[in-house]
Structure formats: C-alpha cells, structure tokens
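Please look over the sequence and the model below before reading on. The report then takes up a few local features one at a time.

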Amino acid sequence: MALPSHFEHRGSWVSQAAVRQAEIAIEQKHVDVVYARLADMRVEAAEMRDRGDRLAHGAGREAVFEQASMLYERDVMVRYANRILQTLDSEHEGLVFGRLDDKTGEVLYVGRLGIRDAEFENLVTDWRAPAAAAFYQATAEQPMDVVRRRVIRSTGQQVVEIDDDLLMPDAQPESMQVVGEGALMATLNRARGDAMRDIVATIQKEQDEAIRAPWRGVTEITGGPGTGKTAVALHRVAYLLYRDRKRLGSAGVLVLGPSTAFTSYISRVLPSMGEDSVELRSLGGLLDGIEATRIDPAPIAAIKGSLRMRRVLKKALRDTPPDAPTEMRITYQGEVLKLNEQELVKVRRQVHSLGRLPNRSRVDAAEALLEALWRKAESYEGYHVKKKDLLIDLGERIDFHRFVVVFWPVLSPASVLRSLGDRARLARAAGSTLSARELDQLAASWRTDDWSVADVALLDELRTLIGPPPRRRNRRAVEEEHEPGRRRPENYEDYSHIVVDESQDLSPMQWRMIARRGQYASWTLVGDPVQSTWPDVAEATQARDTALGKRTTRRRFTLRTNYRNSAEIFNLAAKVVRGKVATDDELPRAVRDTGIEPSVELVAEASLPGAVRDAARELLDQVDGTVGIIGSMTSIAKVHSWMSGMDDDRLKIVDAIEAKGLEYDAVVLVEPTEMVTESMTGPRALYVALTRATQRLTVLTTDPSWPS
Ligand SMILES: Nc1ncnc2c1ncn2[C@@H]1O[C@H](COP(=O)(O)OP(=O)(O)OP(=O)(O)O)[C@@H](O)[C@H]1O
C-alpha cells in the first residue's frame, strides 16, 4: 500500500498520529522503568539508613564506619532524588526530558538527575554531566554523531509529547521515526504563569556554552531582551553546583535580582532542578529585616547611588548624634566640672580622629572625656586634685558611665540615615558635595517611614563605616552561618559565587555593597546595556571594575536570539531604541512570528482609565496566561486606582522599573511618552516595558505624536 505523502520515513517530519502515539509509548516504557527504579531506591535508602544508623552507633572498627559513610552518601542521594520528585509538577518537563540516538545505535536518556539501575547501568544521565552536553550542543552542521535528538515532555509521570530534531539524515536507520514540530517553538508558545520555568529541555547551543563555562573569574552574559540571560544564569548556577559542589556549595552562591517581584518570579527555577541551597536576594533585600521595594524618582536614585554619598555618610557619622547631650556637669571633690557644647564637640572630634569604627570607640570616648575633665579641673584656681585619682575615681562612677552612653550611643545605620532627614544636619554632612536642590530632595526622601531600594546600599555602607554593635556571638551562631543552604546574615562576606542579574542598572554604591559579599568570589554578570536605567555609565563601570578587583579571567557570552517576544512585538520595541541608544548589532533577533501586530491606540485623557480596563479585559480573554499592565512611574498609582475592582489573578500591575526581567503573555502599556520623559536614560525604560509581552501588546497613549 502506498503511504500518504506526509508519511515519509527519511529526512522529513512524520505527523501521522499513530506513529506519534507509538513513539510516545516507547518513551513511556522507559520513563516507567525510571520511576519504578526511583521507588525501589527510596525503599532501599530507608532500609540502608536504618542499617547504617545501627552500624554507625555500635561500631568500633574502621571498615564498619566506612560502610556507614557510604550508606550516608546513598541516603543523601536519595533524599536529593525525593526532593526533586516533590518539586516536579505538571508545569515542568518531567524527570526524563531528552533522548539522544547516536550513529552507532547507542541511546542516551537525559534528565534532571542521573539514575542507574540495580546493575549499575545508566537509565538517565544528569543534564549537567559531560555525557549530556551533546544534547544541547549538537547541530545539523556539527551533529557530534547524534542522529536524532528527542525532547520528551511529560505531565507528572505521563509522557504527553515528543519532538525530534534529525541532525544526521544520512545516518537515519529505516526504523527510526522522526516526529513533532520542534520542542522550542512549542515551549515558547505556551502560556506564562506567575513563575518562570526552567528550560533544561530546550537550552540552545549559544546558551549552553555560557552555562557550562568554567566557574573561575568573571563570566559576563549579555544580550537583548528575552534572550534567556536570566534563565541561562540560573541554569549556570545549577551546573556549577553540580560540577563543583564542594567548592561552591559550602561557602554559598548568591543570586541577586533587581526587585522582590523578580526574585519571586524566578524563585522556582532552581528548586525545579533540585537546587534549593542557593540564596536569592533582591537589591532591596540584602540587609536583614529590610525588604525595600520603593523606587526613588530617577534623579534622587541617581544621587543616592553615586560615590559622592560616601563622603556625605562619612561626615554624617562624625556629627553629634541627634539626642546626644550638649553639656556635661559632674561633681568631683566639691567642685562641679563642666564641659560646654564646643568642648564636647572637640572631644568627639578627637575620638573620631583616632580612626576607629564608631561602634568600637566608646572606650576612647570615655578616656577623652576624662582627659577633658582633668584639663578643666586643672584650670580651676585653688582646686588641687591628682590626675590619677580623678581619672580612676570618675572612671568608676556610674553617673559618668551613664553620660558616656548617651554621649557616644551605639549607632545603627538606620538611625544615622534617618537623621539626615534633617536638612541642616544633611547640609553639614554634605559640605559642598550636594547642591541646595539635592539637599532638599534627599532630606525629604528620608523623612518617609520606609526605605527605598537605593537606600539599602547606603545603609550597607553605613554598616561598615559604623562597625557592628558590641555583642557576643556564640560559637553555634558562627557555625550556623556556614551551614550550606542557610540564609546567611547580612554581614556574610564569603560567597563563593555571585550572580548579578540586570547588572547594567547597578549604581556605584550598589556595586560596593555587592563586592563586600564576595571578597574571594567568582562572578556571573548578566545584563544588557541597552536596557540600562543608570545615567552615569562611566562612574558605574569604574565601580564595577573596582568591585571585580584583580580577577583577570574574564569571558563574555553574547546571546542574540529573543525567545520571548513575537517578532511583531519586538519590531515595535526595537524602533524606539534603534539608532538612538542601540546599534543593530546590539538588538536581538526575535524567532517567533504570530501574525498579530501590536495595537497602538491614541485615546483622549479622560477616556484613558476606561481604555486601560477595556484593553485588559480583552487581553484576558485572548490569552491563557498572565496580562501585565505597565504604567510609567508617574502614573502607576493612578493606574492601580483605575483597575480597582477588576480582580483577576492573571492580572499584574507594575511600573516600568518594576517590570524589569518579568514577562507576561499580554501587556497593556500605558503612556509610553511619559516613560521616556521621566527616565534619565531616554527611551531605554520604554524599551524594557515594550519587551515584556510574549503574545500580545496594546499601547495606549494620549500623545498624538507617539510613536513617531
Ligand atoms: N532555550 C530556551 N527554551 C525555552 N524557553 C527559553 C529558552 N531561552 C529563553 N527562554 C524563555 O524566554 C523567556 C526570556 O528569558 P529570560 O527572562 O531569561 O530573558 P532575559 O534575557 O533575561 O530577558 P530580559 O533582559 O528582558 O530580562 C523566558 O520565558 C525563558 O524561559
């Protein structure tokens, strides 16, 4: 019987449903074997753990200990497997997600972890193992002996789809079927939820090279919006921990993102790969007990982030604390010894000139006060006391100590920064460093109740300038700090690897804050200069270079394919930066056509609220996943009020800065022109906002000249 024309074996796609089902059934069989093996391993592990406990407790011989430690390792491995299984859910590709058939007929399954059968035969190879590299690196031009690469998609333990790439058509055996329409496109077309997904099954070659780069030195990953920089950086962390867990795991890996919305968005990616020991923090959440989310207006953020602030903070510390006494009176041997305000200021200056951290200087302050009191006593006519007696007697008096405590209080970064809400105090600290307008703006910003994200770097700077409050740390606390997986304290400086996402936006003060945490760390820096919202590029670059120090090993990977936006959406976004702040070479290529052009609507100001609601409603109907409403910083509060009462879990409202790194199936972008005028870097913030949608974009503007 002649086959229908689409049912061809060699070198072409076979879409026949029965063949597809038969191939799915073949893979299901293997997946079943893997899960059955895991179930056995769980049981074995429990038994071995019990046996291991018994052995370890009663044993006196070395061999028995050795056995016990082997059992322990096995136990750890199975616990790890269990954890992975728990985190797998229907949203993720399954435990086994890939298969390679090479030209010798060998088959290799690739998955989230490596599993062997009872005879030690390989059932699944961990995606990070060298043997699995071909799964990501083989191409039709360089097939690395791979005839067929198959991506297996599962829901839970059920295989639901397979997608093949035929890389060596000439080596395809008669019996080998090739099915599917491309795993990557299928994945990219899927609806987006609240959380980013891992991409283990469809990592592309250029991405894989960045993921597998060595851990040492500085690895830079640059690329336009949607090129997978964040995804790549997270997979790189999982890869590095797999390859070098001993070196990197115990000291800890820190991943830093721009906002809490962002860290929460990416928070499931690493656990879905079995890594839950990595610390994710936002720039506003690096200090314990503070979770700053407020973004300062751009000009204020620019001042707070600049290195000038170091001078201001240093000087602020030397000023008299707000509640400190301005006079000292103490009675000694029938005389009242008095120090007036100037004399106390002089004492304070002397103590600071010793150069010790303020929170380590109270003893110096007490000594300087005693010295000043002695000089005072010496100056009184007919008053004869011995210096040694005065120093000892007063030094032991409780009223003297009470005075020292208020004269030289323990400072906290928060109290110092808050005190600069007093404009006069700020002006004293600033000298000529800040203009009158800058003083007004900064002082007003510190009279609020909460901290902004930019404040956190200043608080951290103050933390190191002030020194830790005197307190004893017990050994247990120190040990706990070094336990892997534990959220480390704010003063932890020994991360082995630091990943900085959206690194193009870091202010010089933020670079200093991060550098403190990785004195000996290797780095992965992720960013896109075209999306930068930091105005002083030269200052930030210098601060970055200082942060990276003498690390000479530097490698750079540039990702060029935009996997997020449809080509139609990206074309519109590219228009706002091309030739202005980006060259063609800096813009990625979007790979997906949807045939749906973004809609740009000119609306009257009075109709804007209704138009935003209508657009949101329409998009909620049109896409299955999330819909983002992105407003300018100036208008975001209004946008929130317009949307009140429209409760839908799929609807998210963010401003142009918060939108960084996030994505939605559809976006309503409100007032593009405002995003340009309020930014200090021209159209870059608008470019970020325009590149958040995967499927549909509606731009609402009251400016008739937009987008021209
Ligand atoms: N190889 C891939 N397979 C499947 N999806 C991918 C792949 N690479 C990237 N993606 C998807 O593309 C989207 C964009 O990725 P990601 O957020 O990492 O890009 P980005 O470069 O960090 O973007 P931006 O600079 O705009 O924040 C995500 O949904 C990600 O899962």
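## The open sheet

In what order do the five strands of the open sheet stand, and is their pairing parallel or antiparallel? In this predicted model, the order is β17-β21-β20-β18-β19, and the strands pair in parallel fashion. The strands at the edges are β17, covering 599-602, and β19, covering 651-655; each has a single partner strand, so one side of each is left without a neighbour in the sheet. From one strand to the next, the twist averages 20°.

## A hairpin

Strand β10 (residues 328-332) and strand β11 (residues 335-339) run antiparallel and are joined by five bridges. Within this arrangement, T331 stands opposite V336 in β11. Two residues lie between the strands of the hairpin, where Q333 takes a positive phi near 45°.

## A buried glutamate

Helix α22, which covers residues 537-548, contains E539. Is E539 buried or exposed? Its relative accessible area is 16%, and because buried means under 20%, E539 counts as buried.

When neighbours within four places in sequence are left aside, E539 is in contact with S306, L307, P508 and W534. The C-alpha atoms of E539 and S507 are 8.4 Å apart in space, although the two residues are 32 residues apart in sequence.

## Aromatic rings and charges

The model has nine aromatic pairs. In one of them, the ring centres of F135 and Y136 are 5.1 Å apart and the planes meet at 85°, so the pair is classed as edge-to-face. F135 is buried, with a relative accessible area of 2%, and Y136 is likewise buried, with a value of 2%. A second pair, F407 and W408, is tilted, with 6.2 Å from centre to centre and 45° between the planes; both of these residues are buried. Ring pairs also link F97, W127, F135 and Y136 into a cluster.

Charged side chains are found over some of the rings. The charged end of R348 sits over the ring of F407, at 4.2 Å from its centre, while the charged end of R418 sits over the ring of W451, at 3.8 Å from its centre.

How values were computed: Residues numbered from 1 in each chain as written. Predicted model: local features only at pLDDT ≥ 70, side-chain atom pairs only at ≥ 80, totals over all residues. Heavy atoms only, no water. Pairing = 2+ DSSP bridges. Helix = DSSP H or I, 4+ residues; strand = E, 2+ residues; numbered from the N terminus. Axes fitted to C-alpha atoms, helices over the stretch in contact; angles between N-to-C directions. Buried < 20%, exposed > 50% of the residue type's maximum accessible area, 1.4 Å probe, protein only. Contact = heavy atoms within 4.5 Å. Phe/Tyr/Trp six-rings, centres within 6.5 Å; stacked < 30°, edge-to-face > 60°. Lys NZ or Arg CZ within 6 Å of the ring centre and 35° of its normal.
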